[in-house]
Every structure is written in C-alpha cells, then in structure tokens.
Amino acid sequence: MKNTFNLGKDTLYTIEAPGGVIGFDINDHTNIERLKAMYEVFEKEEKRYRAEELIISKQEDGKKDKFGITSKERKEINNYDKYILGVKNAIDTFFGEGASDKIFYDELLERVVVTLPRAETLLFDILPEHFEKANLKSEEYMNERLKKRDRFVSKEKDVVDLDEEVA
C-alpha cells in the first residue's frame, strides 16, 4: 500500500507541449523572480549571440574542410549552437530542467528542434498570453522587454514588430 498526500495540486497551471506537459504553480511566490530570470538569461544570450555574429561577419573566409565548410561558417554554426543552448537554459530557468525539450520537441522529426523564430515566438507571443491567463503579473515586465527589442505595444496591447510593414 502506497501512502501519498495531496499538497494542493489544484493550483497548477499546465500547458500541453508537443513533448509533454509543462507548468507552474500559480501560488508559487517565486514565479515573478523566475520569470525575470528567464528573460534575463535569454536577453544576455541574445546580446552575446548578436555581438559574436557581428564579429564573425567581418572575418575573412578561410579554407574549406572536407565537407566544404569554411572556418567562418563553422564559427557561425558554433555561435548558433551556443545561442540555442542559451534559449533552452532560459526556458528551463522558469519551468524546470527538461521543459525546453518538451516545448521544442517536433513530433514529425522525432527530435528537439530549437530555432531563432521558434524561440522568439514562444518567448514573446505564446508564453506572455499564458502568464496573463495564470494571473502572473508580467504585462509591465513584458512591455519593457519588448521596448528593448525595437518593438512597441499599442494601446490595444497588441505586439507590433517594427520590422514588418504595416499596410
């Protein structure tokens, strides 16, 4: 006979992801700090990635390896790999270890696939909506983050990307 007890799991906010369920307890007093930490980890990694990308772009191509990849291209790939790892670490900072694998699991490919567009869609479009539904007071924090990313929030609270043309 197994002895277990319920510690109020009715306060869990769950999100069904392609690789399984992720979530958080809406009564957890550390949610906001973990949320801030998640976006800080992401922002720090994004700045590192962009700075390294700029440095690499100014370098001359070297000779090609046996697969036809230049040293410059290898550096770009390695930089992107570090970026992807940083994104995964950022998400795991809030949701817990392994959550990023559940979120970015692609059923068709049967593996975890993290890309820049997928990461930005998750962090700036999908998750804020869930945080608001869970009554996690993230709106002001997200508005500030979006301003830093050359985006703005309109009066209707819609996020508008300044890189897109408005018809």
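## The pairing of α2 and α4

The crossing of helices α2 and α4 is left-handed, a term used if the near helix is turned anticlockwise from the far one by less than a right angle, with right-handed used if clockwise. This is a predicted model, in which local features need pLDDT of at least 70 and side-chain atom pairs count only at pLDDT 80 or more, while totals for chains, interfaces and linings use all residues. Residues are numbered from 1 along each chain as its sequence is written, and side-chain values use heavy atoms, with hydrogens and water left out. Helices (H or I, at least four residues) and strands (E, at least two) are DSSP runs, numbered from the N terminus.

Helix α4 covers residues 116–133, and α2 packs with α4 at an angle of about 15 degrees, the axes being 11 Å apart. Axes here are lines fitted to C-alpha atoms, for helices over the stretch in contact, and angles run from 0 to 180 degrees between N-to-C directions. The two helices α2 and α4 are therefore roughly parallel to each other, where angles under 35 degrees count as roughly parallel, over 145 as roughly antiparallel, 65 to 115 as roughly perpendicular and the rest as oblique. On the α2 side, Tyr80, Tyr83, Val87, Ile91, Phe94 and Phe95 meet Leu116, Ala119, Leu122, Leu123, Leu127 and Phe131 of α4, contact meaning heavy atoms within 4.5 Å. By class, the contact of α2 with α4 has twelve nonpolar residues, no polar and no charged ones; Ala, Val, Leu, Ile, Met, Phe, Trp, Tyr, Cys and Pro count as nonpolar, Asp, Glu, Lys and Arg as charged, and the others, Gly among them, as polar.

## The pairing of α1 and α2

Helix α1 (residues 31–57) packs with helix α2 (residues 71–95) at an angle of about 175 degrees, with 8 Å between their axes. That angle makes α1 roughly antiparallel to α2. By class, the contact of α1 with α2 has 13 nonpolar, six polar and ten charged residues.

Within helix α2 lies Asn79, which counts as buried at 4% relative accessibility, buried meaning under 20% relative accessible area, exposed over 50% and partly exposed in between (1.4 Å probe, protein chains only). Apart from its neighbours within four places in sequence, Asn79 is in contact with Arg48, Tyr49, Glu52, Glu53 and Ile56. Lys44, in helix α1, is by contrast exposed, with a relative accessible area of 66%; its C-alpha atom is separated by 8.7 Å from that of Gly86, 42 residues apart along the chain.

Ala17 belongs to strand β1 (residues 12–17) and is buried, with a relative accessible area of 13%. Leaving aside neighbours within four places in sequence, Ala17 is in contact with Lys102 and Ile103, and the C-alpha atoms of Ala17 and Tyr105, 88 residues apart along the chain, are separated by 8.1 Å.

Glu110 sits in the loop between β3 (105–106) and β4 (111–112), and has a positive phi of about 55 degrees although it is not a glycine. Glu110 is exposed, its relative accessible area being 62%.

## The chain as a whole

The secondary structure of the protein chain comes to five helices and six strands, whose order from the N terminus is β-β-α-α-α-β-β-α-α-β-β. Of the 167 residues, 34% count as buried, and residues 24 or more positions apart account for 57% of the contacts with a separation of 6 or more. The accessible surface of the protein chain comes to about 11,600 Å², of which 51% belongs to carbon and sulfur atoms; accessible areas come from the Shrake-Rupley method with a 1.4 Å probe, and for residues only the protein chains shown count as cover.
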